[in-house]
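This briefing covers one protein model, taken topic by topic. Please have the sequence and the 3D view open while reading.

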Amino acid sequence: MTISLQLLFKEIDLVTDEQDLRSQVVPKIGEYFATQRSGIFFFDQLLADRKFQKLLKVALSVEHNPVARYLAERHTPVHEGLVTSPKAWAIICPRPDHWHVMAGPIVNSGELVGAVGCTREQSMPAFDTQNLADLSAICLHLSVWAATVRAAKLSRRESQHQPFKSDRLTPRELQIAELVALGLTNAQIGKEIWITENSVKQALKRMFRKLEVSSRAEMVAQLSATKHHLPSENKLVLLAE
């Protein structure tokens with residue numbers, strides 16, 4: 001082996017998307033395990049691509065393939081020697097470059113979302129328990145990577161499609177929020193913008209409902225984190241009313 005597990009872990013951590021994962025990490029996994037073929041698959045992408053439908057129905061079918069079934073049931077790496085005999089495997093998967101097969105799980109939120117696959121031809125050694133242990137470590141890092149990257153993608157999509165809660169405030173309400181951030185009391189805010197203290201209280205109640213907060217401090221923190229530039233938190237003196 002010319003590449004170490006630690007280097008593989010670092011490579012996984014450095015990539016930013018699934019395309020880089022395949023182009024940069026998969027070849028190194030193949031090198032580490034001295035495989036004929038290797039790959040990383042995410043099931044949602046396979047389902048979306050028609051050309052992979054047959055692969056899902058046959059090669060990755062839990063009814064047809066005992067390796068896939070073991071992976072789906074246990075979420076742990078497996079090779080064909082653990083679940084079937086060489087003779088039976090030759091019938092299940094007659095490809096000469098898949099004489100020996102090892103697969104590991106990519107898990108997210110308790111669900112199997114993908115797999116790592118490695119194959120060797122008949123003339124090559126079978127996968128062993130050390131290979132399974134090493135693949136288990138790699139799959140742990142891949143599962144953490146997948147969860148992190150996919151959560152970030154979801155967050156970006158949601159932020160693109162949802163307006164800032166602060167956009168629900170009127171210009172007058174934003175003016176009140178700015179005065180709250182400066183530490184003014186309700187009475188002081190009323191004098192500043194020529195409304196009664198009670199009107200300020202009622203306005204703050206409406207603003208809390210719109211922003212889904214329960215305190216002046218939460219409101220200021222939320223608005224400061226959005227596009228509205230309120231005074232910095234270290235200069236605030238928030239006075240509860």
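This is a predicted model: local features need pLDDT of at least 70, side-chain atom pairs count only at pLDDT 80 or more; totals for chains, interfaces and linings use all residues.

**Cysteines**

Cys139 is buried, at 3% relative accessible area.

- A disulfide is a covalent bond between the sulfur atoms of two cysteines.
- The structure has zero disulfides.
- Cys93 is also buried, with a relative accessible area of 15%; the cut-off for buried is under 20%.

**Helix H2**

- H2 covers residues 18-33, which makes 16 residues.
- From the first C-alpha to the last, H2 reaches 21 Å, close to the 22 Å expected at 1.5 Å a residue.
- At the start of H2, the backbone nitrogen of Gln19 has a side-chain oxygen of Asp17 within 3.2 Å.
- H2 has a kink of about 35° at Val25, shortly before the proline Pro27.
- After H2 comes Ala34, with a positive phi near 50°.
- The buried residues of H2 are Glu18, Leu21, Val25, Val26, Ile29, Gly30, Tyr32 and Phe33.
- An α-helix has 3.6 residues a turn, so residues three or four places apart point the same way.
- Among the buried residues of H2 are Leu21, Val25 and Ile29.

**Aromatic pair**

- The model contains one aromatic pair.
- The pair is made by Tyr32 and Phe33, with 4.9 Å centre to centre and 90° between the planes, and is edge-to-face.
- Tyr32 counts as buried because its relative accessibility is 7%.
- Phe33 counts as buried too, at 1% relative accessibility.

**Nonpolar core**

- In soluble globular proteins, nonpolar side chains tend to be buried together.
- The largest nonpolar core here has 28 residues, and those touching the most other members are Ile29, Phe33, Ile40 and Ile138.
- Two or more residues of this core come from each of helix H1 (5-14), H2, strand E1 (37-42), strand E3 (100-108), strand E4 (111-120) and helix H8 (129-161).
- The most comes from H8, which gives eight residues to this core.

Note on methods:
Residues are numbered from 1 along each chain as its sequence is written. Side-chain values use heavy atoms; hydrogens and water are left out. Rings of Phe, Tyr and Trp (its six-membered ring) pair if their centres lie within 6.5 Å; planes under 30 degrees apart count as stacked, over 60 as edge-to-face and the rest as tilted. Buried means under 20% relative accessible area, exposed over 50%, partly exposed in between (1.4 Å probe, protein chains only). A disulfide is a pair of cysteine sulfur atoms within 2.5 Å. Helices (H or I, at least four residues) and strands (E, at least two) are DSSP runs, numbered from the N terminus. The expected span of a helix is 1.5 Å times one less than its number of residues. The bend at a residue is the angle between axes fitted to the seven residues ending there and the seven starting there. A polar contact is a pair of N or O atoms within 3.5 Å; within protein, one must be able to donate a hydrogen and the other to accept it, and residues adjacent in sequence count only if both atoms are side-chain atoms. A nonpolar core is a set of buried Ala, Val, Leu, Ile, Met, Phe, Trp, Tyr and Cys residues joined through side-chain atoms within 4.5 Å.
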